[in-house]
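Hi,

Here is the structure I promised to pass on.

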Amino acid sequence: MGDYTIQISTKLIDQLARDDEKVKRKVRKPKPKKKATAQRHEEPQDSAPKEFPSSPAPAAGWPLQPPPMYLPVTPAPPPPPAAMPEVEAIRSILKESEAVLEKLDKQEAGARQELHKRAKELHDKEFKLPYQSPMPCTEERAGCLECYKSNVKDPLKCAEAVRRFQACARMAVKSAATKSD
């Protein structure tokens, strides 16, 4: 267990040490049984408390105080178990409820994982890109572009490459039209 400390202020210690601020009740002494003719000698009671010589007044500024005391504190012992049967019944039901709650949490986690798995499978099936045929006439197009890059000042030299690309494009359009009909 941990170690604990209590700090007792010097003000509290001074207050406990000085009982002169409190008015003390005089303790009555039992009267001895004497004859009625005997005179009793009692001290007169003052209504004001007696003044004790006080300590010299502190100098201006903060009064000097000793350092605070630190005392170890032992923790309180655990409370004894309840002897009431109703409390024990409630505790056992509480433990059972906590066990059921843990079981339900595990089932929920498993169901959540299964749901995420199935949702991912459905998403992958639904949004999967269909098979796409390769782009037609890619070689003719690349040849045409290469010709234009190499003959920047005289693009008319690329007329033959453009004709080949044009013929390939017409064939691709015709084949696509016949497939869709």
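Of the contacts (heavy atoms within 4.5 Å) between residues at least 6 apart in sequence, 69% join residues at least 24 apart. Keep in mind that this is a predicted model, where local features need pLDDT of at least 70, side-chain atom pairs count only at pLDDT 80 or more, and totals for chains, interfaces and linings use all residues. Residues are numbered from 1 along each chain as its sequence is written, and side-chain values use heavy atoms, with hydrogens and water left out.

On confidence: pLDDT is the predictor's confidence in each residue, from 0 to 100. The protein averages 78, and 74% of the residues score at least 70. Strand S1 (residues 4–8) has the lowest confidence, with a mean of 74, while helix H3 (residues 138–150) has the highest, at 93.

The fold has 4 helices and 2 strands, in the order β-α-β-α-α-α along the sequence. These are DSSP runs numbered from the N terminus: helices are H or I with at least four residues, strands are E with at least two. Buried residues (under 20% relative accessible area, 1.4 Å probe, protein chains only) make up 4% of the 181 residues.

Now the cysteines. There are 2 disulfides, a disulfide being a pair of cysteine sulfur atoms within 2.5 Å.

- Cys137 and Cys168 are bonded, with their sulfur atoms 1.9 Å apart. This link is left-handed, at -100 degrees about the S-S bond. It connects distant parts of the chain, 31 residues apart: Cys137 sits in the loop between helix H2 (85–126) and H3, and Cys168 in helix H4 (residues 159–180). Both Cys137 and Cys168 are buried.
- Cys147 pairs with Cys158, again with an S to S distance of 1.9 Å. Cys147 is buried at 15% relative accessibility, and Cys158 is buried at 1%.

In sequence order of the bonded cysteines, the pairing is 1-4, 2-3. Cys144 is in no disulfide; the nearest cysteine sulfur belongs to Cys158, 6.6 Å away. Cys144 counts as buried because its relative accessibility is 9%.

One more residue: Thr10, in helix H1 (residues 10–17). Thr10 is buried, with a relative accessible area of 10%. Leaving aside neighbours within four places in sequence, Thr10 is in contact with Gln65 and Pro66.

Cheers

Methods. Buried < 20%, exposed > 50% of the residue type's maximum accessible area, 1.4 Å probe, protein only.
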